[in-house]
Amino acid sequence: MKKSTPNAWRKASGLILWIALMGALTWLAMDKGWFEPQRLQHLLESLGVFAPLVFMGMMAFAVISTFVPTLVLDIAAGIIFGPILGTLYAVLGAEVGALMAFFVARGLGRDAMTRILKRDVTIQHDLFCVL
C-alpha cells in the first residue's frame with residue numbers, strides 16, 4: 001500500500017474544509033431566509049443595475065454549494081427580470097458555478113483518480129484536452 005503524500009492530505013483537508021464552509025454558509029442563508037422569493041425580490045430590486053451581477057453570483061453559489069435549491073432562484077429570476085433576461089441570468093450564473101465546481105473537482109480529484117485507475121486520466125483529442 002502506498003503512503004499518502006503531504007499534497008494528498010492537503011487536498012483532502014481542503015475538500016473537507018470546502019464542504020464544511022459551503023454547508024455552514026448554506027445553513028446560515030437558509031436560517032436567515034436569504035433565499036425566500038419575497039426577500040430575494042426586495043433585495044434585487046434595491047440593487048438597481050447591479051442586480052443581475054448579484055443574482056448570477058447567488059446562482060453560482062447555489063450550484064457550487066449543492067445544498068441550495070436553484071429552482072427558487074430560477075423562479076425569482078423569471079419574476080424579477082422577466083422570462084428572457086431571467087433565463088439568461090440564471091443560465092449564466094449556473095454556468096459560472098459549474099465551471100468553478102469543475103475546476104475545484106479537477107484540482108482536488110485528478111491525482112486520486114489517477115491512483116485509483118492506475119493510469120493517467122488525461123483525455124486528448126486533436127484540439128481539446130480534458131482533465
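Tutor: Buried means under 20% relative accessible area, exposed over 50%, and partly exposed in between, with a 1.4 Å probe and protein chains only. Helices are DSSP runs (H or I, at least four residues), numbered from the N terminus. This is a predicted model, in which local features need pLDDT of at least 70 and side-chain atom pairs count only at pLDDT 80 or more, while totals for chains, interfaces and linings use all residues. Residues are numbered from 1 along each chain as its sequence is written, and side-chain values use heavy atoms, without hydrogens and water.

Student: Which residue follows α3?

Tutor: Within α3, the buried residues include Phe 55, Met 59 and Ile 64. Beyond the helix comes a residue whose phi is positive, near 60°. That residue is Thr 66.

Student: Is α3 roughly parallel or antiparallel to α4?

Tutor: The axes, lines fitted to C-alpha atoms over the stretch in contact, with angles from 0 to 180 degrees between N-to-C directions, come within 10 Å and cross at roughly 165° for α3 (residues 51–65) and α4 (residues 70–81). Angles under 35 degrees count as roughly parallel, over 145 as roughly antiparallel, 65 to 115 as roughly perpendicular and the rest as oblique. Therefore α3 is, relative to α4, roughly antiparallel.

Student: Is Gly 97 buried or exposed?

Tutor: Gly 97 belongs to helix α5 (residues 83–117). Leaving aside neighbours within four places in sequence, Gly 97 is in contact (heavy atoms within 4.5 Å) with Ala 60, Val 63 and Ile 64. Because its relative accessibility is 0%, Gly 97 counts as buried.

Methods
Helices (H or I, at least four residues) and strands (E, at least two) are DSSP runs, numbered from the N terminus.
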